[in-house]
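Hello,

Here is the structure you asked to look at. Please open it first, then read the notes below it.

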Amino acid sequence: MTDAITTDRWIRRLNLVQLVLAGVIIMAPTVWMVLSSFKPSFEVTAYPPTLIFTPTLDNYVELTKTTPFLSYALNSLIVTVGSTALGLLFGIPAAFAVSWTRISWPAILTLAARMAPGTLFLLPWYVMFRQVGLIGSYTALILSHAVITLPIVIWVLLPSFDGIPRSVFEAAQVDGCSVTRILWRIALPLVASGVAVSAILAFVFSWNYFLFALVLSNGETKTLIAAAFNFIGEGSTQWGALMAAASLIALPPLVLAALVQRWLVSGLTLGAVKG
Amino acid sequence: MSDTAATLTQDRQKLEMSALSAPAVIFTVGMIAFPVVYTIWLGFQNFSSTGKQSFAGLANYSKLVSDVEFWHGLWVTIALYVLSLVLQLVFGVWLALVLFHAKRLPGIVRSLFISPFMMPPVVAGMMWLVILDPSLGAANYILQSLGLPPSDWLASPTWVIPTVALIDSWQWTPYVALIVLGGLQSLPSSVYEAAQIDGASAFKTFQRITLPLLLPTIVTAAILRSVDLLRFFDIIYITTQGGPGNASNTLNIYGFRVGFEFFNIGYASALMLTLTAIVFGAVLAFNRLRGAVAW
């Protein structure tokens, strides 16, 4: 009996060791990035690398001075908020209709964007947007990023709508409520938390998306992610500023993801797994 | 309510439902379906360096067959795909088991574990570029302190694919782990109790019971990762742009450069349609596999 308890304790200790090991591997690169961003310029490239240093904000100051970092950030915000809003506007009613009618092809259609390489769409978009003079416009960027946000909104909300008992709707129907009214007045308040999760996930993935802005933006509308490439170009010796830029770009999605981490898995697998 | 009135409300309801999904459907047809059809048409066009367009028939596809760069890109794509997928599935299942036995995880720990795949791949590329710098990076310092030879990592034609696979696996293994963890948590506990009574060892229990029951979840994770891995772009574009030389020139990177650096839109369309067919083929194959291992 005592033997079993000792073995059990050892197994638990072994598991804790593995957990810590995994945690260190996962966290170390990010910690290193953030540390480097606060290092004085001569310490960033010191070899052997230093762990103890006097932190400074020089890299962040330099970043905002030598690059239009803040206007890139504003572009990212405009494109991300715009595409998230568009995704919600189109996605909420569609998810509701799919959940109600069980006719799922509209939801599956939007998934196509999740499967095909982005370049497949980018080639015709480039030709089309150029013809109507929209290359470099926020409109083109928001529309292209809504292709990312729409399936996220629909597939995160589907299980939420499915979870509402049908009797709730039937009662409302008997009272003479139109379908649209049922959606906005009855169903939507019931899935409010699902809407919040879908909005945050849509925001994160739109913010993180690289490829479309690379081609569809111009100097004025360039998003942070698309501009990251420029920071690398200039920064072969300016690692401090590069890491400051990387830290700032990663901050919004990380903070938002931390807020909804509990609901993330089922949302991220587009309903393939119940988390 | 009379029958006709009932059909009337039903018809009205159908109409209202169609109206609700119409914006999403119209948007998707306009932004995806129509452009894909347009890409198919573009694949039959030839774009000269001056931007003149002419019908090319199957020329883009016959060019593809004899294009050394295409076959090289296909090889790079598949090598990177297989290596990354194996790494992420093996370590993902391991991490899921570790997390499963840890039972209560505080929210902050969960947040830290999901942080790699919630940050932009572009940022992951930036940080690893600095860590893996051949002369001043922290990675080589650690290797040397352990008495191991330093590596050129992303700058080495031999090591660039494993290195990129490593970066992507750092980012997405926790994601695979969380999916598998969801599968573990939904397994019936009764089978474990039976195994315990039969005196099966921990390893045997895992091999004979947990793993087979977990296979459908693992295949689901494999599908979700396949879709991303076969279209590999962000990390490579940020770190190597397909280099050194063409050592990490995946099909997606190659197609992008053909289209937007050399402006050969017709040939790029043919390349991207081929890549799309490969992605869909992989998804279909895994879907059949999922059917075979379902329980």
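The contact between the two chains comes first: in this predicted model, 77 residues of chain A are in contact with 73 residues of chain B. On the chain A side, the most residues come from helix 1, which covers residues 2–37 and supplies 12 of them. Sorted by class, the side of chain A that touches chain B has 58 nonpolar residues, 16 polar ones and 3 charged ones.

Next, chain A by itself. The C-alpha trace of chain A spans about 80 × 75 × 30 Å along its principal axes.

How much of chain A is buried? Of its 275 residues, 48% are buried. As for contacts within chain A, take those between residues at least 6 apart in sequence: 77% of them join residues at least 24 apart.

Last, chain B. The domain assignment divides chain B into domain 1, residues 3–42, and domain 2, residues 63–293. Between the C-alpha centres of domain 1 and domain 2 of chain B the distance is 36 Å.

Regards

Note on methods
Residues are numbered from 1 along each chain as its sequence is written. Chains are lettered from A and ligands numbered from 1 in the order in which they are written. This is a predicted model: local features need pLDDT of at least 70, side-chain atom pairs count only at pLDDT 80 or more; totals for chains, interfaces and linings use all residues. Two residues are in contact if their C-beta atoms, placed from the backbone, lie within 7 Å. Helices (H or I, at least four residues) and strands (E, at least two) are DSSP runs, numbered from the N terminus. Ala, Val, Leu, Ile, Met, Phe, Trp, Tyr, Cys and Pro count as nonpolar, Asp, Glu, Lys and Arg as charged, and the others, Gly among them, as polar. A residue is buried if 20 or more other C-beta atoms lie within 10 Å of its own, exposed if 12 or fewer, and partly exposed in between; C-beta atoms are placed from the backbone. Domain bounds come from an automatic or database domain assignment.
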